Amino acid sequence: MENQHDDNCCLFTPSIITVTVSIVLIAITRVFYILCQSGKPLRPSKSPKSLSTLIVLGSGGHTAEMINVLNVLLQTDRFCPRFYVAAATDNMSLQKAHLLEENVFNLNGGKGGSTQFLQIYRSREVGQSYITSVGTTFLALVHALWLMIRIRPQVVLCNGPGTCVPLCVIAFLFKMVGVRWSSVFYVESIARVRKLSLSGLLLYKLRIADQFFVQWPQLQRKYPRAHYVGCLM
């Protein structure tokens, strides 16, 4: 009986090793494929098909910058439906988004596409202790996952701060498992002249952002994968 048991163990061990190695190789191949494809810009659309778009509003000056970017660059017929997301404690940002969409609606003669306004938990509030932020960070990640499963956006547009990071990470994981290919566009704040913000640095270094835009030429020289677009304010 002992010999038979040993023989069975010998038979199963190579199989387990083979399966494990195969899974690891597939995962590595998938990661390299995503990294190669992620840096490519969106192809010009040959059909009227629109792209569901998640717009992350970061509160304060970040929201003001994002609203200005949308006023200048947003193609309402292509990027819709649009989902605006702000922190649960930030009501001003969604009010500004409402005003923006009202202006779009009026300028387009009553056409602007479908829009929704949502809120997400913050990982950490200003002044919150790091101990209590462990629980709130976990809650924020779960809420972000639920939100992304619900929306499954094709485009994620953000400019920081930390509110956008969980959403962008989940968008990258969705690519990994084939749930949805979400293109992440990150616009660094004009206030960042010599170095990236923490959110921007994470998304840049981890190659989570498909397209990374900066508003100062010295930043582009320091971070060569970034695109210099000039002042957007």
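Reply: A salt bridge here is a side-chain nitrogen of Lys or Arg within 4 Å of a carboxyl oxygen of Asp or Glu. The model is a predicted one. By that criterion, Asp210 and Lys175 form a salt bridge through their side chains, with an N to O distance of 2.9 Å. Asp210 belongs to the loop between α6 and β6, while Lys175 is part of helix α5 (residues 164-177), so the bridge ties together parts that are 35 residues apart in sequence. In general, side chains of opposite charge can pair when their charged atoms come close.

Are the two partners buried or exposed? The cut-off for buried is under 20% relative accessible area. Asp210 counts as buried because its relative accessibility is 6%. Lys175 is buried as well, since its relative accessible area is 1%.

Leu206 is exposed because its relative accessible area is 52%, and the cut-off for exposed is over 50%. Together with Leu198 and Leu202, Leu206 forms a nonpolar patch on the surface, and the accessible area of these residues together is about 310 Å².

Ser189 counts as buried because its relative accessibility is 6%. Its side chain makes a polar contact of 2.8 Å with the side chain of Glu65. Leaving aside residues up to four places away in sequence, Ser189 touches His62, Glu65 and Gln215.

How many salt bridges does a search of the whole structure find? It finds two. Besides the pair described above, Glu101 forms a salt bridge with Arg82, with the closest N and O atoms 2.9 Å apart. Glu101 sits in helix α3 (residues 92-107) and Arg82 in strand β2 (residues 82-87), 19 residues apart, and this pair links distant parts of the chain. Glu101 and Arg82 are both buried.

As for the chain as a whole, it has seven helices and seven strands, which run α-β-α-β-α-β-α-β-α-β-α-β-α-β from the N terminus on. Of its 233 residues, 39% are buried. Among contacts with a separation of 6 or more, 70% are between residues 24 or more positions apart. The chain exposes about 13600 Å², of which carbon and sulfur atoms supply 64%.

Terms used. Residues numbered from 1 in each chain as written. Predicted model: local features only at pLDDT ≥ 70, side-chain atom pairs only at ≥ 80, totals over all residues. Heavy atoms only, no water. Buried < 20%, exposed > 50% of the residue type's maximum accessible area, 1.4 Å probe, protein only. Polar contact = N/O pair within 3.5 Å; in protein donor to acceptor, adjacent residues only side chain to side chain. Contact = heavy atoms within 4.5 Å. Helix = DSSP H or I, 4+ residues; strand = E, 2+ residues; numbered from the N terminus. Areas by Shrake-Rupley, 256 points an atom, 1.4 Å probe, with all protein chains shown as cover. Patch = residues over 30% accessible without salt bridge, like charges linked within 9 Å, V, L, I, M, F, W, Y side chains within 5 Å.
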